[in-house]
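Please open the structure in the viewer and keep the selection tool at hand.

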Amino acid sequence: MNIEQVRTDRAALGELFALPAVALVIAIGVAEIVATRDAVMTFHAGLLVLAAGAAGLWLLLRRMGGRAGEHEAGYNHAVVRAGVIASMFWGVAGFLVGDVIAWQLAYPVLNFDLPWTNFGRMRPLHTSAVIFAFGGNVLIATSFFAVQRTCRTRLAGHMAPWFVFWGYQLFIVLAATGYLLGVTQSKEYAEPEWYIDLWLTVVWVVYLLVFLGTLFKRKEPHIYVANWFFLAFIVTVAMLHIINNAAIPVSWTGTKSYILWSGVQDAMTQWWYGHNAVGFFLTAGFLGIMYYFVPKRVERPVYSYRLSIVHFWALIFTYIWAGPHHLFYTALPDWAQTLGMTFSIILWMPSWGGMINGLMTLSGAWDKLRTDPVIRMLVVSVAFYGMSTFEGPLMSIKAVNSLSHYTDWTIGHVHSGALGWVGFVSFGALYCLTPWLWQRKRLYSLRLVEWHFWISTLGILLYITAMWVSGILQGLMWRAYNSLGFLEYSFIETVEAMHPFYIIRALGGTLFVFGSLIMAYNLWRTTRGDEADETIMHPEVASASALAKLPAE
């Protein structure tokens with residue numbers, strides 16, 4: 001019996017054992033529907049039953065059709081292709097919701113006096129859609145792709161990678177509909193209620209097992225540094241999620257729960273989670289993308305492998321302690337606040353070490369910045385990473401924080417990292433992956449990549465500069481006193497002063513959304529195998545189309 005036949009038999013056996021698990025999930029969902037009096041729980045249990053029922057039907061049809069255990073030869077590209085499609089879909093949706101709420105801040109009438117379109121419900125929908133739906137799908141897709149290639153082995157498991165993908169999509173739908181229906185824990189970046197958190201925990205553990213299983217059966221003795229960053233992201237996010245979301249439900253048939261922690265302990269746990277969600281979800285994971293896709297696209301080795309290892313261990317050790325800088329001038333003990341500030345300042349050094357390593361990987365290939373807009377997008381993302389990781393430690397100094405905290409400056413800082421670093425490195429990775437996965441000679445149009453790059457860059461600059469000016473103005477107005485020692489400005493006067501900057505911010509967001517739509521169109525045409533006629537372009541840019549033929553190996 002050959003190896004492929006053994007794999008097929010194992011996969012078929014796995015599908016057979018998956019059927020009882022599907023039946024159990026359906027039984028739990030039906031029991032919830034019967035027992036609950038909570039309308040949202042009924043709706044979510046119904047979604048669970050539908051999802052599990054669809055999975056069970058698919059498994060049964062495969063067995064009846066004699067296709068049990070059937071899979072594509074070689075690497076598992078199918079689940080990565082699904083991840084690329086999901087990433088683009090959720091990205092456009094998340095960016096669009098963000099722009100809508102930006103206009104709502106400028107013109108509150110756009111709330112429409114409806115509970116589902118209220119800023120208070122739309123805002124967590126935006127943050128979760130961009131971070132967890134868009135960013136999470138990009139991380140799952142790129143980590144599944146990179147770990148196979150760098151380990152020279154197929155992704156571990158037959159059903160497990162697909163369970164991770166579809167289970168994660170179900171988590172996104174449950175969380176998003178919960179926000180719009182008013183079900184939330186009211187914890188930043190951790191809004192989903194207890195039963196959604198439990199589902200995500202199951203999905204995430206399977207994700208970890210798939211990644212570890214692939215590393216375990218690798219044919220390459222060395223574990224490439226990108227995999228270290230991906231693994232740190234998966235493990236640490238699991239720990240953060242479980243501890244911060246520890247809760248006691250009021251009833252097993254209701255949506256409401258109470259967090260296990262209380263008071264200042266809850267605040268400390270929340271921002272230990274909140275800042276490290278940034279540190280490990282939005283930084284470590286995307287650094288794994290940088291360390292794989294930048295060298296691959298420019299056809300150069302990492303500038304310094306030794307520096308990448310120092311970068312990894314310094315970042316991993318330091319980031320975990322920086323959370324208290326979100327709680328300056330609160331009931332948190334002063335020593336804990338100072339600890340957070342100290343580690344935040346130290347964090348500047350490993351962060352810039354990684355930035356330098358990413359930029360210097362272009363040594364000997366800087367000319368490609370003129371000819372390949374995808375490389376330009378990846379490099380600008382690394383530059384935004386450097387800028388954000390300088391601004392963050394600066395804002396964690398107590399004297400600076402007294403001006404910046406609770407102002408729009410913080411919003412500008414977050415979005416310079418989210419749009420410039422996370423957004424652009426994700427776009428660059430998706431532009432690389434699409435021709436590779438669909439076996440196309442090149443992207444449909446590099447000219448559209450150019451348009452996407454410049455439109456989105458302009459949008460980011462409008463956004464963050466408006467928020468920098470707005471935030472500093474806010475801070476100065478809040479701390480202004482008159483000669484009698486009273487506040488110079490009422491709160492409503494500070495809100496009125498922000499109006500022009502909110503319009504500029506919303507315009508910047510509109511440009512960013514428009515850029516993402518251009519990208520979605522470009523990737524769709526690429527998957528179809530279309531090629532735009534770009535012979536009239538500047539010859540340097542037209543010749544760059546050959547770069548899209550880069551092998552993924």
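This is a predicted model: local features need pLDDT of at least 70, side-chain atom pairs count only at pLDDT 80 or more; totals for chains, interfaces and linings use all residues.

Residues are numbered from 1 along each chain as its sequence is written, and side-chain values use heavy atoms, with hydrogens and water left out.

First, select Tyr168 and Phe281: of the 134 residues in the largest nonpolar core, these two touch the most other members. A nonpolar core is a set of buried Ala, Val, Leu, Ile, Met, Phe, Trp, Tyr and Cys residues joined through side-chain atoms within 4.5 Å. Buried means under 20% relative accessible area, exposed over 50%, and partly exposed in between (1.4 Å probe, protein chains only). Beyond its neighbours within four places in sequence, Tyr168 is in contact with residues including Phe132, Leu200, Trp204 and Phe281; contact means heavy atoms within 4.5 Å. A second, separate core of 5 residues includes Leu448 and Ile518.

Next, select Cys151 and Cys432. The structure holds 0 disulfides, a disulfide being a pair of cysteine sulfur atoms within 2.5 Å. The sulfur of Cys432 is 20 Å from the closest cysteine sulfur, in Cys151, and therefore too far for a bond. Cys151 is buried, at 0% relative accessible area, and Cys432 is buried at 1%.

Phe112 is exposed, at 55% relative accessibility. Tyr329, also not a glycine, has a positive phi of about 60° and is exposed at 52%.
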